[in-house]
Structures are given as structure tokens and as C-alpha cells.
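Subject: Structure handover

Hello,

Here is the structure I said I would pass on. Please open it alongside this message.

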Amino acid sequence: MAGMGNNEISTRLEGKSAAIVVCWLLGNGCLFSWNSMLTIEDYYVNLFPKYHPSRVLTLVYQPFAVGTLAILAYNEAKINTRIRNMFGYILFFISTLLVLIVNSAASGEGGLGIFLAICALSGAFGVADAHVQGGMVGDLSYMQPEFIQSFLAGLAASGVLTSALRLITKAAFDHSSDGLRKGAILFFAISTFFELLCVILYAFIFPKLPIVKYYRSKAASEGSKTVSADLAAGGIRTLPGTDEENTKDPERKGNKQLLSENIDYAFDMFLIYVLTLSIFPGFLSEDTGSHSLGTWYALVLIAMYNVCDLIGRYIPLIKCLKLESRKMITIATVSRFILIPAFYFTAKFGDQGWMILLTSFLGLSNGYLTVCVLTSAPKGYKGPEQNALGNILVLFLVGGIFAGVVLDWLWLIGKGW
């Protein structure tokens, strides 16, 4: 009997490796479109030289992301997770396709109308990101830590892949007429295809993996009402014990209580991204001076940030290198603020080698601390609480990004804008 029980559990937990791969791809899809927009900044700076696109596009994106996510996080317990995530990935696909169409129609000519269209699509990316990032982190928070780590690594990998693709497309068209535009169009065609792949993966593959069905069933048995459509997509129509007795769950902690118990983690997430976005990508794109790498310099800096961010998200998989102490995570987070004067003086007096080193550390610490916080915080809570906490932490993450983007404009003081 014990052997049969073990076999049943092992069958339920099948598909872990496949789930990790799918989580990685879905993480990629969550930021692939937006990173595509960031990575072709050289094209947009050339197309709209008067409008500071590296800063404006990010500033447009963030209010939509923060506002939408605040509403979704507040109503998390009532929102169908499947519809939320599907809406997000489909919106990513449609918006990326529209960016491709707008860039093709522009024929390499800038102008206020084209810039406003790009800004509107940047806002659409913000809405899509709020649906997907909060929804997926919340969903994966009650599953295995490796899943959320893989999803977060996918977020960073999207930056690496887009940087690599951009370097390839720039090199391919560098000496041709209209090369920047041709490279950007090819780039967004690839991005559009990838977003369509993510829609298919989330709709048809992920919900049918046995290990995913197991954890969603477990969350439903603990009172979660947000997973029913995902369970139905996985072939589970009804769950005994989840209808009447769990419609009111007196033991489920509310959002305020979860926030008060994890206020340090929430502020850690906020501070990590305030610092990162006050430097990346605006400062790295516009304020690092002229160097021997020429037009490749900003692309190399952004690529180094993305690569090191990805590496940082895998370091916590080595148990002895993962920060578990809440106090130490907060100390490490606050210590990163020494990077602000470091970047300022390096841009003023240092050479490109030092700037590349600082950018690498910025990315490494960003990825590492993000995974440490989001894998440590949900421990000890029930499924519905872990989902809610994941949404709350992502809200603070996105809030930090918004604040960082606003503060990034301070680098322009004294430069005439």
C-alpha cells in the first residue's frame, strides 16, 4: 500500500523538468516584447532624436503597469488566473505585431504621430506585463521554488536574447542603407513569433503537466478560487471538498496582514528596482559619454547588464550561495545604493572598462536579490496566501521600476532638458 501511495505521488509530480523549461519560456515571453523595445533604443534615438525615447517610452510604460497591477493585486482572490494570464500573453502578441506594422509603415521617417503610436503600444506592454508577471509569479509561488526561479531567469534571459539578436541584426545591416530600420523590423518579426509561441505554451501545454495539475489541485483544496479554469484546462473538472466548505475560508490571511508580515521583503523589492531603473537603461543609453566602441557602446553595456542579470538569477540555485536571512537580504539591497556615486564618477572620469564592470555588477546583484526575495517570502504560507503574496511583491517590484524611471531623469539636470 505504501508503495502504491509513493507511485501515485511520483506520477502526480511527473513533468518537473518540462515545467521548468516552460516556466523559463513563459518568463521570456513576459518581457521579450518590452526588452525588444528597449534594445532597439539606438534605432529610436536615431528616429526621434528630440524626444528622449529611451526615457519617455519607459516612463509611459510604467504608469500602465503599476496602475493595472495595483487593481489586479487588490482583487487577486476573485480573478480567474487563466483568463488573466491568457489576456496578458495575447495582448503582448497583438501589441508586438502592431509595433512591427508601425515600424514598417514609418519607412524610416520619424515624427510626432509615429512617436505617439509607439508610446501607446508601450503603454499596452505595461498593461500586458501587469497581467502576466503578477499572475505568473502568484501562480508559481505555491508550486516548487525551482519554477519561480526558472520563470525569473526567463525574464532575465529575454534581455540576453534580445540583446544578442539586436547585436546580430545590427551587424547584419550595419553597412546597408536604412540598416537600423531593417534590423529593427527583423527584430520585431522574431519577437512577434515568440509571443505567439508563449500563448500556445500557456494555453495548451503548461496546464496539462501532471506536476502543475497537482499543485493547482492542492491550492484549490486549501481554498483557492482562482485556479478552477486552469484545472479545467488540465482535464480536472471537479475537486471534492472545494465547493461549499472552501467558499469561505476563515484562516486565509488578507492582503494587509500578508503585507505587514512581509513589509521588509516588499521594500527590498522596491529598493532593488528603484536603483536598477534609475541607471538602466536611460543613463547607460545617453549619459556615458563617447568611447572607442562608438555606436556599439550603449548596446554592449545593455548586453552586459542583461547577461549578468541572468547569471545572478541562477546563483541562488547553489544553496551555500543563497541568502536566506531576511536581515542580510535587506543589508545587501541597501548597500547597492553605493552604485549611484560610482556610476556618476565613472561616467565623468573613468574609461569604458570600468563602466562595463559596474554595469555587470548592477545586473548580477539585481538578478540575485530578486530570486532570493521571491523564493524565500512565500515559505510557510498556504497556496492562496502564497499567490496573494506573490502579487503583492510584484506590485512593489513594478512600483520600484516606476520610481526608478522617474528618478532616472535627474541625470539630465544641467544638460538642458
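Below is what was found in it, from the whole chain down to single residues.

**Overall**

Please keep in mind that this is a predicted model. The protein has 417 residues, and 54% of them count as buried. Its secondary structure is made up of 18 helices and zero strands. The accessible surface is about 17200 Å². Carbon and sulfur atoms hold 69% of that surface.

**Cavities**

How many cavities of 30 Å³ or more does a search of the whole structure find? Four.

Start with the largest cavity. About 320 Å³ of space lies in it. Its lining counts 24 residues. Those nearest the centre are Leu31, Asn35, Tyr273, Leu277 and Ile401. By class, the lining has 13 nonpolar, eight polar and three charged residues.

Which helices build that lining, with at least two residues each? Here they are, in chain order:

- H2 (16-39) and H4 (53-74)
- H6 (112-141) and H7 (145-173)
- H12 (263-279) and H14 (296-314)
- H17 (352-376) and H18 (383-408)

H7 gives the most, with five residues.

The second largest cavity holds about 50 Å³ of space. Its lining residues are Glu76, Ile79, Thr81, Arg84, Gly135, Thr226, Asn387 and Asn391. Helix H5 (81-106) and H18 are the elements that give two or more residues to this lining. By class, it has one nonpolar, five polar and two charged residues.

**Helix H16**

H16 runs over residues 339-349. Leu339, Phe343 and Thr346 are buried in it. Why do they count as being on the same side of H16? They cover an arc of only 70 degrees around the axis, so they share one side of the helix. The general rule behind such spacing is that an α-helix has 3.6 residues a turn, so residues three or four places apart point the same way. The face turned away from the buried side carries Lys348 and Phe349, both exposed.

Gln386 sits in helix H18. Is Gln386 buried or exposed? Its relative accessible area is 12%, and buried means under 20%, so Gln386 is buried. Leaving aside neighbours within four places in sequence, Gln386 is in contact with Gly138, Ser141, Tyr142, Pro378 and Tyr381. One of these, Gly138, is 248 residues from Gln386 in sequence. In space, the two are 6.7 Å apart, C-alpha to C-alpha.

Gly363 belongs to helix H17. Its relative accessible area is 0%, so Gly363 is buried. Setting aside neighbours within four places in sequence, Gly363 is in contact with Tyr305, Cys308 and Asp309. Gly363 and Cys308 are 55 residues apart in sequence. Their C-alpha atoms are 5.0 Å apart in space.

Lys256 is in helix H11 (residues 255-261). Is Lys256 buried or exposed? Its relative accessibility is 76%, and exposed means over 50%, so Lys256 counts as exposed. Lys256 and Ile392 are 136 residues apart in sequence. C-alpha to C-alpha, they are 9.8 Å apart.

Arg12 lies in helix H1 (residues 2-12). Its relative accessibility is 41%. That value falls between the 20% and 50% limits, so Arg12 counts as partly exposed. Not counting residues up to four places away in sequence, Arg12 touches Pro210, Ile211 and Tyr214. Arg12 and Ile211 are 199 residues apart along the chain. Their C-alpha atoms are separated by 5.5 Å.

Best wishes

Methods:
Residues are numbered from 1 along each chain as its sequence is written. This is a predicted model: local features need pLDDT of at least 70, side-chain atom pairs count only at pLDDT 80 or more; totals for chains, interfaces and linings use all residues. Side-chain values use heavy atoms; hydrogens and water are left out. On a 1 Å grid over the protein atoms alone, a cavity is a set of points where a 1.4 Å probe fits but cannot get out, and a pocket is an open set with protein on both sides within 12 Å along at least five of seven lines; lining residues have an atom within 4 Å of a point. Grid points are joined across faces, edges and corners, and a volume is the space filled by probe spheres set on the points. Helices (H or I, at least four residues) and strands (E, at least two) are DSSP runs, numbered from the N terminus. Ala, Val, Leu, Ile, Met, Phe, Trp, Tyr, Cys and Pro count as nonpolar, Asp, Glu, Lys and Arg as charged, and the others, Gly among them, as polar. Buried means under 20% relative accessible area, exposed over 50%, partly exposed in between (1.4 Å probe, protein chains only). The arc is that of the directions from the helix axis to the C-beta atoms. Accessible areas come from the Shrake-Rupley method with a 1.4 Å probe; for residues, only the protein chains shown count as cover. Contact means heavy atoms within 4.5 Å.
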